[in-house]
Amino acid sequence: MKANYLDELNEQQREAVIHINGPLMIVAGAGSGKTKVLTTRIAHLMRNGVDAFNILSLTFTNKAAREMKERVEKILGGSEARNLYIGTFHSVFARLLRAEAHRLGYPNDFTIYDTDDAKSVIKTIINELNLDDKHYKPNFVYNRISAAKNSLMGPEEYQLDNLVQQEDMRANRPLIGKIYDMYAKRTFKNGAMDFDDLLFKMYILLKTFPEVLHKYQHKFKYIMIDEYQDTNPAQYEIIKLLGAVNENICVVGDDAQSIYSFRGATIENILQFEKDYDDVKVVKLEQNYRSTKSILNVANEVIAHNKGQIEKNLWTDNTEGDTIKLVRTMTDNEEGKFVADTISEQKLRNHYDNRDFVILYRTNAQSRSFEESLRRKAIPYRIFGGLSFYQRKEIKDYVAYLRITMNTRDEESLKRIINYPVRGIGKTTIEKTIVLSNEHNITMWEVLERAREFGFKGGTVEAIEAFVIMIKSFQAMLTSHNAYDVAVAVGKSTNIVKELFNDKTTEGLARYENVQELLNSIKEFTETPDEEGELLDKSMGSYLQQITLLTDADQGNDENSDVVKLMTIHAAKGLEFPVVFTVGLEETLFPSGMSINTREELEEERRLFYVAITRAKARLWLTYANSRYRFGNLVQNEPSRFLEEMPEKFIDRSYAGGGSVRNAFGGGSTSGWSNSNNMFDRKKAPSQPSQPVTQKPAAKPTFSPATTHVPSADFAPDDPAGMEPGMQVEHQKFGFGIIAAMEGAPNNRIATINFPKGGGEKKIMLNYAKLRIVR
DNA sequence: CCGTCAGAAGTTTTT
DNA sequence: CTTCTGACGG
């Protein structure tokens, strides 16, 4: 260990690091060396006799956890750091739950449902309840349930809580509580937890089993929480429970960077920390080492528009640096072009590499114009925050096999692969299986295991049995083989790999490569030693647990690749870049139109803007477009109100069409401001009285275009077996026709029929087409 | 059972 | 404009 590690700190940083026992709150302004303090403090604890096994450090992102681990290792210079518990809330709790879940009635190898899995379950339930999923949107319902769990509210409480019920009534969705209840039961039956359950169930576990609580209270004698301003009530309560005995809780945060209230984070947690414990030591890190004076001054002045903050004065010794450039373009495409041009220019003028640039936007959808312009100029880039690798269909399919092998209760996975690749277990069979499983209160898997007993017959029962035997063969391998071998066996037995290999289309090729990459990742997982040391869990279950908690930002950690990065501001939190472009600074976009209704929402948007500004080390461009395409139509937007909140002194507005923001406001177009509403209004124009739609509307009358045939009143399809060439038949759409020829196997005959009014000669598969025999 | 096509919906932010 | 969904033809 480096002896002089304390010398590298400033006074406040050192004060935080050497505080060992008792609650500690570090208010860490942007760029004030927060991670350095955290990592040095861990090293310092260990140097002062604290066992690595007794230290728990929680972060929000895998990336932050990884970075922290690496930096601690660097200071300690050895493998001691391996015994630390450093990870995200979700991954650490998932790991603990893997040891304890049986107490709650879950299998220890429970499946973790990602957002898509969860929404899919919710959708199934909505349909089962005969509710209209246009009204009960799975997304909306999911968010309600998520919010409930994040406030530690179970289904019963949800249905009994007056306030919540009133909200649902007002939103005209009174049955969300019912859906929540069914969802909780269903996921439990599936032996699955969603992201929120990892927190919620952890809390339940600690609350219900004192001996478990006791165990972890004594294990985690020192607890550190990064980004404390983003904790939600569930996380808050868990920390409180775990830390209750030793009260060695160290939280680090910056209320000015709280940007996750939409996900249940309450800024109150950090504002109230001093009141939660006696004798809280508070340290403020106010010296910024990251940004120029210009950048920092702008940031400070912007955030000063928020009220109710922890008082602090962020300052820097750095040079004043360049002014902040404010840029107006006419359209979003020009905005993209401007950014790409400027990147080229800056690379030449100031010798930057691609990796020095980041483009930050409010919503993922904004990336398009920048992608195009960067591609046109052949500037390499990478977008963060698209589909995670593990959300791709082919990967989810493959992983579903692994999941079902680990946890046969997982019906989401079972339904996904029971007939993929096609093995003759069709819709009817699946429906029947579901009905039987409900009837007998057993899992679908158990029904399949006893298929013959339940009266499945013929080819179906054979297909089912083959499927069951195959999955069981994978399970048998689990004890004797590692995760990689099992995964390879899955690929072979199911023929998935071969099938993808034979698909020579571009997409097929990509899919094949993705599956290969999946296998590689499993191989890598089984072969690299566990960084966290203590628990050398190389099992399939451990692997599956990890990958579900990975996001797009966690892949391709080729930090060194020289590319321009594109991401949302949320995704950029905790990062820094020499040159930052913050784009799309327009009303309704940033601040988002969805977040301008209350002061709280607007303040969070402002904090987001603050985060964006403070990512920049040396140079900052702020851009906005007069008009941009949204949902395919051109929309005009005012410049963001935030642009008016910046101090003139540090801003160069010469790019903003020569005028000030104010000029841009009124001066531009007098007519131009009839905007965005109309795009919503237009659609609803022939205003239907908005009646509450809770039940599925009766089957819609099907309108046929005037050109098509109107079937006879008594139209009813006949058995195709009796159809022969020469017969006259009626088709629902093509009208009357004569069968000209017949081909194909007896059980799959294809007729060539001439429809004089229906577009001439057609080939029709008799098994599927509905035809009436006329004569 | 699967692929195609038209129509509709979507854009806040994520572990 | 793009992506997803459902209906329907083959």
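By class, the protein surface near DNA strand B comprises 9 nonpolar, 11 polar and 4 charged residues, where a residue is near a strand if one of its heavy atoms lies within 4 Å of it, and where Ala, Val, Leu, Ile, Met, Phe, Trp, Tyr, Cys and Pro count as nonpolar, Asp, Glu, Lys and Arg as charged, and the others, Gly among them, as polar. The model is predicted, and local features need pLDDT of at least 70, side-chain atom pairs count only at pLDDT 80 or more, and totals for chains, interfaces and linings use all residues. Residues are numbered from 1 along each chain as its sequence is written, chains are lettered from A and ligands numbered from 1 in the order in which they are written, and side-chain values use heavy atoms, with hydrogens and water left out.

In total, 24 residues surround DNA strand B, the closest being Arg263, Arg362, Val422, Gly426 and Thr551. A base oxygen of DNA strand B, in turn, is 3.4 Å from an N or O atom in the side chain of Thr115.

Helix packing was examined for DSSP runs (H or I, at least four residues, for helices; E, at least two, for strands; numbered from the N terminus). Axes are lines fitted to C-alpha atoms, for helices over the stretch in contact, with angles from 0 to 180 degrees between N-to-C directions. Helix H10 (residues 195-208) and helix H12 (residues 233-243) cross at roughly 30°, their axes coming within 9 Å, so H10 is roughly parallel to H12 (under 35 degrees counts as roughly parallel, over 145 as roughly antiparallel, 65 to 115 as roughly perpendicular and the rest as oblique). The contact (heavy atoms within 4.5 Å) is made by Leu199, Met202, Tyr203, Leu206 and Lys207 of H10 and by Ala234, Gln235, Glu237, Ile238, Leu241 and Leu242 of H12, and these residues divide into 8 nonpolar, 1 polar and 2 charged.

Helix H15 (residues 293-303) packs against helix H28 (residues 599-613) at an angle of about 175°, with the axes 9 Å apart, and H15 is therefore roughly antiparallel to H28. On the H15 side the contact includes Ile295 and Val298, and on the H28 side Phe609 and Tyr610; the residues of this contact divide into 8 nonpolar, 1 polar and 2 charged. For helix H22 (residues 458-480) and helix H23 (residues 483-494), the angle is about 160° and the axes are 10 Å apart, so that H22 is roughly antiparallel to H23.

Most residues other than glycine have a negative phi, and most peptide bonds are trans. A cis peptide bond joins Tyr420 and Pro421, with omega about -5°, and Pro421 is found in the loop between helix H19 (411-417) and helix H20 (427-439). Another cis peptide bond joins Phe590 and Pro591, with omega about 10°, and Pro591 lies in the loop between strand S15 (577-582) and H28. Asn172, although not a glycine, has a positive phi of about 65°.

Conventions:
A polar contact is a pair of N or O atoms within 3.5 Å; within protein, one must be able to donate a hydrogen and the other to accept it, and residues adjacent in sequence count only if both atoms are side-chain atoms.
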